[in-house]
Amino acid sequence: MVVACPTPIRSENIGAIELPIIDLSAERSEVSKLIVKSCEQYGFFKVINHGVPEDVIEKMEEESYQFFAKPASKKQGAGPANPCGYGSKNIGFNGDFGAVEYLLLNTNPLSISQRSKTISNDPTKFSSTVNGYIQSVRDLACELLDLMAEGLWVQDTSTFSRLIRDVDSESLLRLNHYPPLLKDSLRDKNTSPSSLHPPQHHHKNSNSTNNNNIRIGFGEHSDPQILTILRSNDVGGLQISLEDGLWVPVSPDPTAFCINVGDVLQAMTNGRFVSVRHRALANSCESRLSMAYFGAPPPHVRITPPPELVTSQRPSLYRPFTWAEYKKATYSLQLGDSRLNLFRMEADDDIS
């Protein structure tokens with residue numbers, strides 16, 4: 001059972017800003033410039049005409065709804081999340097929790113095939129659907145990373161994308177369900193099949209923090225990987241922090257994917273792109289579903305910026321590290337801790 005955090009979030013400053021919406025069917029050089037500008041200014045943007053087939057998205061959403069509509073005992077059979085598998089309330093290994101339940105999957109097809117047996121009554125259908133979705137969003141991620149490299153004038157335009165195309169890439173797919181925080185809903189009825197279904201497309205933004213029933217679903221954090229491709233239903237909840245104390249709601253848009261820079265990409269662009277902190281709120285009345293693809297490198301690849309992004313005017317901000325090292329730091333800290341600061345050059349200077 002998923003329950004709310006014990007107290008509502010405190011009163012905070014909420015900004016009113018719309019993220020850039022980038023049409024990927026536009027002229028390539030212009031698209032590349034817009035993406036780079038968005039990554040430098042916001043760390044987030046939305047894409048339309050993205051090339052991911054609508055039926056691929058719909059099938060993945062339907063499988064997600066079917067899984068989260070199962071009784072708690074059935075869902076727990078796919079857990080615990082260590083780190084992959086089913087989890088509820090507890091996020092990670094260091095005491096973080098929120099009003100969320102989730103299914104975390106390694107994107108390796110063999111791993112998905114094996115896990116499908118504990119997730120679905122039709123494992124073959126589930127694994128086929130998940131693999132089809134992963135292939136589509138990975139292609140989108142690689143296209144975006146190539147456009148970023150072009151916009152940064154990096155000679156080898158596959159510098160970023162090859163890391164998630166690598167057979168040993170540790171990319172993940174995370175399915176998040178934020179049950180409605182109904183009054184007097186400390187019973188399991190909020191996860192029963194009758195109450196969990198795709199909401200109607202009313203484009204209702206549910207990010208307001210004035211409602212005392214709203215709680216933190218997934219706490220403040222940055223994504224440690226390279227790039228995140230996020231799809232959600234049309235129930236609001238995502239907020240980003242562009243400056244301390246100011247939260248900006250991201251309006252839900254069922255026609256777009258929301259893209260954000262991860263910590264590794266901030267390091268690989270030598271700080272040009274920003275990995276922005278964000279969070280998700282649970283809604284008092286409606287169920288929110290999100291599907292996040294996290295493009296990650298192989299464990300032992302050395303993470304450094306391409307030479308074009310390191311100059312005498314802009315020396316390296318971060319010491320080289322591997323994804324295995326960074327992942328170890330991620331697992332050792334709490335959700336809201338700043339991991340990338342551990343790898344700044346100044347940190348090494350302070351230690352010496």
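These legends describe close-up views of a predicted model.

**View 1. The largest pocket and its lining.**
Strand S4 supplies the largest share of the pocket lining, with five residues. Sorted by class, the pocket lining consists of 23 nonpolar, 16 polar and eight charged residues.

**View 2. The largest cavity and its lining.**
The model has two cavities of 30 Å³ or more. The volume of the largest cavity is about 140 Å³. Its lining is made up of 16 residues, of which Ser232, Ser251, Pro252, Asp253 and Cys258 are the closest to the centre. Strands S8 and S11 (257-261) are the elements that give two or more residues to the cavity lining. The largest share, three residues, belongs to S8. By class, eight of the cavity-lining residues are nonpolar, four are polar and four are charged.

**View 3. Ile240 and its surroundings.**
Ile240 lies in strand S9, which spans residues 238-243. The relative accessible area of Ile240 is 0%, so this residue counts as buried. Leaving aside residues up to four places away in sequence, Ile240 touches Leu19, Phe44, Leu246, Trp247, Val248, Val250, Val276, Arg277 and His278.

The peptide bond that runs from Gly79 to Pro80 is cis, and its omega is near -5°. Pro80 sits in the loop between helix H3 (72-76) and strand S4. Asn82 and Pro83 are also joined by a cis peptide bond, with omega about -5°. Pro83 is likewise placed in the loop between H3 and S4.

**View 4. Trp153, a residue with positive phi.**
Trp153 is not a glycine, yet its phi is positive, near 60°. The residue belongs to the loop between helix H5 (123-151) and helix H6 (161-165). With a relative accessible area of 73%, Trp153 is exposed, because the cut-off for that class is over 50%.

**View 5. Asn270, a residue with positive phi.**
Asn270, another residue that is not a glycine, has a positive phi of about 55°. Its position is in the loop between helix H7 (263-268) and strand S12. Asn270 is buried, because its relative accessibility of 0% falls under the 20% cut-off.

**View 6. Cys39 and Cys84.**
Zero disulfides are present in the structure. Cys39 has a relative accessibility of 0% and therefore counts as buried. Cys84, with a relative accessible area of 12%, is buried as well, because this value is under 20%.

Note on methods
Residues numbered from 1 in each chain as written. Predicted model: local features only at pLDDT ≥ 70, side-chain atom pairs only at ≥ 80, totals over all residues. Heavy atoms only, no water. Disulfide = S-S within 2.5 Å. Buried < 20%, exposed > 50% of the residue type's maximum accessible area, 1.4 Å probe, protein only. Helix = DSSP H or I, 4+ residues; strand = E, 2+ residues; numbered from the N terminus. Nonpolar A, V, L, I, M, F, W, Y, C, P; charged D, E, K, R; others polar. Contact = heavy atoms within 4.5 Å. 1 Å grid on protein atoms, 1.4 Å probe; cavity = no way out; pocket = protein on both sides within 12 Å on 5 of 7 lines; lining within 4 Å. Points joined across faces, edges and corners; volume = space filled by probe spheres on them.
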